[in-house]
Amino acid sequence: MKTYLFHGQAGAGKDTQVEMILKKYDVERIATGEMMRKMKEEGDPYAVEVFKKVAQGIWPNPEETFTLFAQWIKRFDPKKDWILVSVARYVDQIPFLDKVLTDVGRKLDKVIHFTLTEGKALERLAGRKICSNCQGTFHPTFKPEKIEGICDLCGGKLEVREDDKPESIKKRFEQYAVSIKPYVEEFNKRGILIEIDASPSIEEIHKEVLKHLEFSNERQN
Ligand SMILES: [Zn+2]
């Protein structure tokens with residue numbers, strides 16, 4: 001079974017790419033956005049402990065995160081290919097991820113890194129508007145709302161998040177460029193890094209992604 005890691009900065013469209021793959025292939029998408037909250041709700045004692053610290057403003061260290069992750073992955077089918085989505089974001093997390101995978105008899109087969117220029121990131125993210133009521137997203141160029149400032153879906157008021165203002169995007173872009181360098185170097189050394197330019201159309205990127213990956217099971221419907 002293959003194990004792939006997808007990563008890329010905001011605006012690179014990696015989630016859209018994963019969704020397109022899921023439509024064609026029967027693979028497990030494994031992300032950690034909900035991991036801690038969900039495990040805490042389920043009463044996992046370790047998650048409850050870590051969550052207490054988070055409530056005090058202490059972010060989990062890699063050891064804590066990947067101790068949780070080792071439990072988290074048990075809910076996914078080991079007989080399927082896995083796509084891990086931004087599960088490791090920094091170079092110091094990679095050894096922890098390696099260990100969790102080794103323990104379940106897997107290894108990273110490929111790491112897909114979606115790259116964007118600063119100009120493209122700005123174009124995609126700047127001006128993005130989010131509905132204050134239903135969280136629907138709109139964009140003046142790519143997905144404009146029908147009535148300016150009003151959500152097409154629910155009639156709620158659209159707002160530009162602080163994060164999506166040009167100054168914040170530039171700052172995040174610079175921070176990302178610094179943190180990602182040793183990360184991609186590590187996977188490059190292993191010969192498993194695939195860098196994909198995320199500026200063409202969604203379909204073109206999808207084709208490019210599929211050139212590099214193999215999946216065991218096509219979806220039957
Ligand atoms: Zn809305």
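According to the unreviewed UniProt entry, the annotation "domain: Adenylate kinase active site lid" covers residues 128–163.

The confidence of the prediction was considered next. The protein averages a pLDDT of 93, and 100% of the residues score at least 70. Among the elements of the protein, the lowest mean pLDDT, 88, belongs to helix 6 (residues 118–125), whereas the highest, 98, belongs to helix 5 (residues 94–103). Where pLDDT is low, predicted coordinates should not be read in detail.

Five strands form an open sheet with parallel pairing, and their order across the sheet is 2-3-1-4-8. Strand 2 (28–31) and strand 8 are the edge strands, each of them pairing on one side only, and from one strand to the next the twist averages 25°. Within this sheet, strand 1 (residues 3–8) runs parallel to strand 3 (residues 82–85), to which it is joined by four bridges, and Phe6 stands opposite Val85 in strand 3. Strand 1 is also joined to strand 4 (residues 110–115) by five bridges, again in a parallel arrangement, with Tyr4 standing opposite Lys110 in strand 4. Strand 4 in turn runs parallel to strand 8 (residues 193–197), and five bridges join the two; here His113 has Glu195 in strand 8 as its bridge partner. Helix 8 (residues 202–212) lies across strand 4 and strand 8, and the helix runs at about 165° to strand 8.

Helix 4 (residues 62–72) illustrates how buried residues can be arranged around a helix. Its buried residues are Thr65, Phe66, Leu68, Phe69 and Trp72. Because these residues cover an arc of only 155° around the axis, they are placed on the same side of helix 4. In general, an α-helix has 3.6 residues a turn, so residues three or four places apart point the same way.

Note on methods. Residues are numbered from 1 along each chain as its sequence is written. This is a predicted model: local features need pLDDT of at least 70, side-chain atom pairs count only at pLDDT 80 or more; totals for chains, interfaces and linings use all residues. UniProt positions are given in the numbering used here, feature names are shortened, and annotations may be inferred rather than shown by experiment. pLDDT is the predictor's confidence in each residue, from 0 to 100. Two strands pair if DSSP finds at least two bridges between them. Axes are lines fitted to C-alpha atoms, for helices over the stretch in contact, and angles run from 0 to 180 degrees between N-to-C directions. Two residues are in contact if their C-beta atoms, placed from the backbone, lie within 7 Å. A residue is buried if 20 or more other C-beta atoms lie within 10 Å of its own, exposed if 12 or fewer, and partly exposed in between; C-beta atoms are placed from the backbone. The arc is that of the directions from the helix axis to the C-beta atoms.
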